[in-house]
Amino acid sequence: MMPTSNRMLQIILLLFLSALILAGFLSDGIRETIQGVVELQIHPARLISDFIDIAGIGAAFVNAALVGLTGLLLVRFSGIGLSGPTFAAILTMTGFGLFGKTPLNILPIIAGVYLSARLVGKRMKDYLIIALFGTALGPLVSALAWEFSLPLLPAFLAGITGGIITGFFLPSIAVSMLHLHQGYNLYNMGLSCGFFGLFAAAVIRGFGQFKAMPSHWFVESSLLLELFVPVFSVLLISAGLITGGKQAIKDLKEIQSIPGRLPSDFVDMASLSGTLINIGLVGLFGSAYIFIIGASFNGPVIGGLFTIMGFAAFGTHLKNSWPVVAGVITASLLTGNPLNSPGPILAVLFSTTLAPISGEFGRIIGFTAGFIHLLMVMQTGSWHGGMNLYNNGFAGGLTAALIISVIQWYKSNRTEM
Amino acid sequence: MKRKDLIIKLIGEMSSYILDENPMKMVISLHQEEDGLHLAIIDDAKHSDADLEKLDKTLNSRKRPELAAYYGAMTGHDLLGSSRLDLLGWQIKHSDVVRMGEGVKIDLWLGGDRFDSRQFNIPEKKE
């Protein structure tokens with residue numbers, strides 16, 4: 001990758017995060033926004049906690065930007081240039097800053113990953129991707145701190161200690177989980193965090209019980225919420241076309257031919273301009289789907305759109321995604337789950353975690369993966385008590401492991417002609 | 001990663017790549033020193049110039065520590081699907097790809113932080 005790609009991605013992300021902060025303060029005013037951001041830091045964050053519903057658009061946007069900025073600073077201080085995976089991670093972190101991540105609940109996890117790296121003589125840059133995506137367990141930190149009615153100092157210490165322990169275990173789990181699906185589940189940290197979350201939830205349930213928590217899902221309409229992703233998408237497409245011209249279109253076509261298996265850095269494999277157009281297209285199609293089914297653009301939905309846009313630089317494109325999405329939609333309809341209800345909405349967006357299966361093994365297997373994914377993801381959230389924000393990555397990882405094991409068995413055992 | 005594990009994985013990934021072309025011959029040679037090693041793979045399958053150029057580019061791609069330490073664990077291990085030499089390229093110091101008859105000779109040089117390339121006479125890059 002040319003250094004200019006790193007510089008351009010930095011500019012894009014800084015403008016994006018600045019736009020979130022500006023939109024946040026303009027939406028709710030400075031005082032109310034800051035009060036809301038403070039409120040979010042001490043609020044339980046398990047699924048589904050729509051921060052827009054809890055503290056307003058302004059607070060949710062500013063909190064998301066702060067989470068994204070934390071990721072950007074971590075990348076910067078690790079000495080790693082921005083590219084497909086780091087761009088995906090920062091956009092994902094920002095997206096989940098709208099429904100679960102806060103600067104306060106992600107920092108202990110990052111510290112834990114750092115300690116783990118130091119134990120085995122590695123540098124933070126070696127585990128950077130794990131640290132960034134591992135923040136999916138932010139709600140575990142919040143749960144330990146704020147859901148057991150502890151006095152402030154013990155609550156704070158419980159959260160920090162739990163987060164550090166969590167982060168410490170993530171690198172070992174993440175590498176093992178990769179082997180389960182062989183890189184065909186893009187959100188591998190979703191599977192890893194879900195796996196760890198099973199044990200964490202068992203421990204918490206063993207010593208007590210989670211605090212009963214209502215689900216938060218913002219349902220009002222807002223022009224700002226509806227237009228943010230489409231406008232951002234159009235700007236990215238324009239940037240790609242302006243910087244790449246006709247070559248960008250060729251690169252976009254090349255991207256559509258990549259299976260997308262981990263790790264597929266489209267910026268390296270094609271070009272930044274082609275990747276920007278791909279990101280914009282994924283954002284536009286995702287937004288169009290939300291408009292068509294008549295769903296609200298709220299924290300989880302916008303967070304989901306940010307995530308799939310991020311991964312459009314790191315494995316996802318329209319060609320490898322649509323069979324999986326079609327599988328999810330078909331399963332939703334056949335099982336009587338309304339397409340505009342929270343579970344299926346998020347499943348459609350995040351099921352693109354299985355896009356590499358479609359890209360490598362074809363549309364029918366991709367469709368099947370999507371179908372199974374919907375059935376799985378409707379169950380898995382309760383397994384980890386909603387503490388793993390990447391619940392679709394968890395369900396997707398299990399689905400991918402099943403499909404890959406069957407394909408591997410078949411290919412390994414059938415008699416060669 | 002332990003040196004032995006790394007060597008096994010690199011040989012596995014390279015073998016997977018070579019065997020995809022159904023060669024009649026594949027030779028793997030390993031020369032190990034204290035702080036580095038030289039792995040040579042020779043085959044007799046037909047390779048186009050474009051294939052060799054792509055191979056050379058992939059093996060000598062820029063280093064990606066943030067990907068190598070994490071996704072690099074799949075090297076030579078998760079072999080379902082097409083081989084992925086980029087995973088391998090991130091973990092080696094240098095490689096050379098040269099045509100040998102119809103086949104190819106791939107030289108890979110690896111080393112720890114104390115690796116001294118002069119021990120292995122790494123060819124200088126052509127201007």
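**Figure 1. Surroundings of A:Met8 in the predicted model.** In this predicted model, A:Met8 touches A:Ala239, A:Thr243, A:Leu272 and A:Leu276, when residues up to four places away in sequence are not counted. A:Met8 itself belongs to helix H1 of chain A, which covers residues 3-28. A second residue, A:Ile173, stands 165 residues from A:Met8 along the chain. The C-alpha atoms of A:Met8 and A:Ile173 are separated by 33 Å.

**Figure 2. The open sheet of chain B.** Strands of a sheet pair through backbone hydrogen bonds, and the pairing may be parallel or antiparallel. In chain B, four strands make up an open sheet in the order S1-S2-S4-S3, and their pairing is antiparallel. Strand S1 (26-32) and strand S3 (94-100) of chain B are the edge strands, each pairing on one side only. From one strand to the next, the twist averages 15°.

**Figure 3. The pairing of S1 and S2 in chain B.** Strand S2 of chain B comprises residues 36-43 and runs antiparallel to S1(B). How many bridges join S1(B) to S2? There are seven bridges between S1(B) and strand S2 of chain B. Within this pairing, B:His31 stands opposite B:His38, a residue of S2(B).

**Figure 4. Two helices beside the sheet of chain B.** Helix H1 of chain B, made of residues 3-19, packs on the sheet and touches S1, S2 and strand S4 (103-111) of chain B. The direction of this helix H1 makes about 160° with that of S1(B). Helix H2 of chain B, residues 49-59, lies across S3 and S4 of chain B. Helix H2 of chain B runs at about 165° to S3(B).

**Figure 5. The interface between chain A and chain B.** Chain A gives 32 residues to the contact, and chain B gives 21 residues. About 2,200 Å² of area is buried between chain A and chain B, and carbon and sulfur atoms give 61% of this area. Which residues of chain A lose the most area to chain B? They are A:His179, A:Arg261 and A:Pro263, which together account for 26% of what the side of chain A buries.

**Figure 6. Polar contacts and the face of chain A.** Nine residue pairs, both members at pLDDT 80 or more, are in polar contact across the interface of chain A and chain B. Several elements give two or more residues to the side of chain A that touches chain B, among them helix H9 (152-181), helix H10 (188-207) and helix H19 (391-413) of chain A. The residues of that side divide into 17 nonpolar, six polar and nine charged.

**Figure 7. A salt bridge between A:Asp268 and B:Arg62.** Side chains of opposite charge can pair when their charged atoms come close. Three salt bridges are found across the interface of chain A and chain B. In the salt bridge that A:Asp268 forms with B:Arg62, the closest N and O atoms are 3.6 Å apart. A search of the whole structure finds eight salt bridges over all chains. Why does the pair of A:Asp268 and B:Arg62 join two chains? A:Asp268 lies in helix H12 (residues 266-269) of chain A, whereas B:Arg62 lies in the loop between H2 and helix H3 (65-68) of chain B, so the pair joins two chains.

**Figure 8. B:Asp86 and its contacts.** B:Asp86 is part of helix H4 of chain B, residues 85-89. When residues up to four places away in sequence are left out, B:Asp86 touches A:Pro263 and B:Thr58. B:Asp86 and B:Gly72 are 14 residues apart in sequence, and their C-alpha atoms are 9.0 Å apart in space.

**Figure 9. Backbone details in loops of chain A.** The peptide bond from A:Leu262 to A:Pro263 is cis, and its omega is near -10°. A:Pro263 is located in the loop between helix H11 (223-256) and H12 of chain A. A cis peptide bond also joins A:Leu47 and A:Ile48, with omega about -10°. A:Ile48 is placed in the loop between helix H2 (30-41) and helix H3 (51-55) of chain A. A:Ser149, a residue other than glycine, has a positive phi near 50°. The loop between helix H8 (138-146) and H9 of chain A holds A:Ser149.

Notes
Residues numbered from 1 in each chain as written. Chains lettered and ligands numbered in written order. Predicted model: local features only at pLDDT ≥ 70, side-chain atom pairs only at ≥ 80, totals over all residues. Heavy atoms only, no water. Pairing = 2+ DSSP bridges. Axes fitted to C-alpha atoms, helices over the stretch in contact; angles between N-to-C directions. Contact = heavy atoms within 4.5 Å. Buried area = accessible area lost by both parts, 1.4 Å probe. Salt bridge = Lys/Arg side-chain N within 4 Å of Asp/Glu carboxyl O. Polar contact = N/O pair within 3.5 Å; in protein donor to acceptor, adjacent residues only side chain to side chain. Nonpolar A, V, L, I, M, F, W, Y, C, P; charged D, E, K, R; others polar.
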